[in-house]
Amino acid sequence: MSATATHDELHHDHHDPGFVRKYIFSTDHKMIGLQYGITAGLFLLFGFFLMIAMRWSIAFPHEPLPGWIAMFFPDGWEARWLQDGKLTGDAYNMFGAMHGTIMVFLGVVPLGFGAFGNYVTPLQIGAPDMAFPRLNMMSYWIYLAGGLVMCASFFMESGAAKSGWTNYSPLAGIADGQIVNQWLAGQTQWLIGLVLLITSSLLGSVNFITTIINLRARGLTWMRMPFFVWAMLVTGFLLLLAFPPLEAAGIMQLMDRVAGSSFFMPSGLYTSAEGLMEISGGGSPLLFQHLFWFLGHPEVYVLLLPAIACVAEIIPANTRKPLWGYKAMVYGVLVLGFLSFIVWAHHMYMTGMGPVVSTFFQTTTVLISIPSVILLTSLIISLWQGSIRFTPAMIWACAFLPMFGIGGLTGLPLAFNLVGLHLHDTYYVIGHFHYVVAPGILFGLFAGVYHWYPKITGRFMSRFLSHLHFWPSLICMNLIFFPMLTQGMAGFHRRWYNGGDSYLATDPESANVFGRTVAEHIDLNIVMSYAAWAMALAQVPFLINLVWSKLAGRKVESDNPWNATTLEWATPTPPGHGNFTTEPVVYRGPYEYSRPDHDEDFLPQWTEPKKPAEKPEESPAAH
């Protein structure tokens, strides 16, 4: 379909598809975006619940789970995985592995790229839909299937996967070995779900890249695209290039489990349960780590870029001034995407790599902070001398900046292999990563929800409920993750299911120096756990706000309630089939705010110019 197709050409065969095709097996990018958003939100709630149970085990290892947590466990499951009402080590490992998997692969990525990307990208480039609508629908349903396969494994005889969200071999290759039919083991189901999720992401990435390159509106040249679209384009390439190695690794590990191969299983493997294992051997466990982390670090930016993209749209609209350093941000995000492919082994300093290789990865890891700082600095400077409107979306966007800054700064020491000797696998790493993902990325995505909700529903979200959501979340996020940095530097390991109780020295004069160190910091477990449970309560106003505002929220008075400049605000509210009532034409850049030659403080991309010099260019693909 040509990017310059007329409105009549796009709609001549439109008819009412019926309920099932409109709301369930829909090919409309907006409905698919909403499906991704709702499904990812439910998975996030489930992953959050697993963390709540884990935090009780860490804070109160000698007390059974309270009724308000245990009530969600079926009786049969509780009898198998709880001991005297307390989480066992196996159950804790299961919850930890699935918490990481669910939050990353089933929650944040589908919410940022699948939901926001699907809904907003075609609107911002003036397209009637994604380039491949049926492929888009298939991508969602494969994602849902992968998520259900993973989560259903909780109810299998073996329980769900227990080998960490990284699924390292050889542990992951022999886990659940007591199960006769390995296809029915939780660890195997994790791999099947992973392959499905990666397939879904690959289909989505091809769709996004094709759509952005080929379906831009007339006049929408490369440097007229909103930064949101640039971020989605780079994210699409990250998924397209980084996920295939992990999909290959997942299939190879699956064969190790069910077909007797040894891609990642070394010779001479000995376990306490089976002694010397009868396997063909000769495989490389390190190969799996390389394949996993080759995806793992680009994945961080797959998580991050949609959140930055949301913030980059919200700040100009609420400061009433252009996005500072737009071109620098575009080039920065392109460099960020490239560098993300050559930093992966900083996760593997403890594998015995030599000084030459480790020096290379230390250097590239430090270099990748430069484009990240360019993005963050540009967003902060965009606030300078702005006429700031503190809308619900804007307060989340402003909070994103320091939270992401803390996440980035705490990651810099981890670039060096010497520091890795002390901090590897401690709570410092958990605190750093979660500062990026939780108060960083999730704050950016919450901002996006509040910003585009009026376009999606035609109603504003409640300002009161949004503040009731924001302030407790901001406080609790820092009470959860900042103490982790302190505990990590004290040597607290990330996988202690009892919070370090086993290492505790009760005598302050004990010769057990590490035990005394644990005693000094173990009470932070209680602080973090109470903050986590309060964090759960803080999400209730948001859930109420989502539903109540749709039913009874204040109605928008125009299609452009924020007086913004990008193309999605030129559509009806909510956008209908085909999105635009007339063919959109772009005449200028995406952030034309407070221009001295214009009466209003915003000049949308689609407003026809008074000057002949701003005529649209005919072929955006040529630029």
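Good morning. By the rule used here, which asks for a side-chain nitrogen of Lys or Arg within 4 Å of a carboxyl oxygen of Asp or Glu, the count comes to 8 salt bridges. The structure is a predicted model, in which local features need pLDDT of at least 70 and side-chain atom pairs count only at pLDDT 80 or more, while totals for chains, interfaces and linings use all residues. Residues are numbered from 1 along each chain as its sequence is written, and side-chain values use heavy atoms, with hydrogens and water left out.

Let me turn to individual pairs. Glu583 forms a salt bridge with Arg218, with 3.9 Å between the closest N and O atoms. Glu583 lies in the segment after helix 20 (540-552) and Arg218 in the loop between helix 9 (186-214) and helix 10 (227-258), so this pair ties together parts 365 residues apart in sequence. Helices here are DSSP runs of H or I, at least four residues, numbered from the N terminus.

Next, Asp601 and Arg320 meet in a salt bridge at 3.0 Å, N to O. Asp601 is in the segment after helix 20 and Arg320 in the loop between helix 11 (285-319) and helix 12 (326-339), so parts 281 residues apart in sequence are tied together. Is Arg320 buried or exposed? Arg320 is buried, with a relative accessible area of 5%, whereas Asp601 is partly exposed at 32%. Buried means under 20% relative accessible area, exposed over 50%, and partly exposed in between, with a 1.4 Å probe and protein chains only.

Finally, the side chains of Asp425 and Arg495 form a salt bridge at 3.5 Å, N to O. Salt bridges with shared partners join Asp425, Arg494 and Arg495 into one network.

Note on methods
Helices (H or I, at least four residues) and strands (E, at least two) are DSSP runs, numbered from the N terminus.
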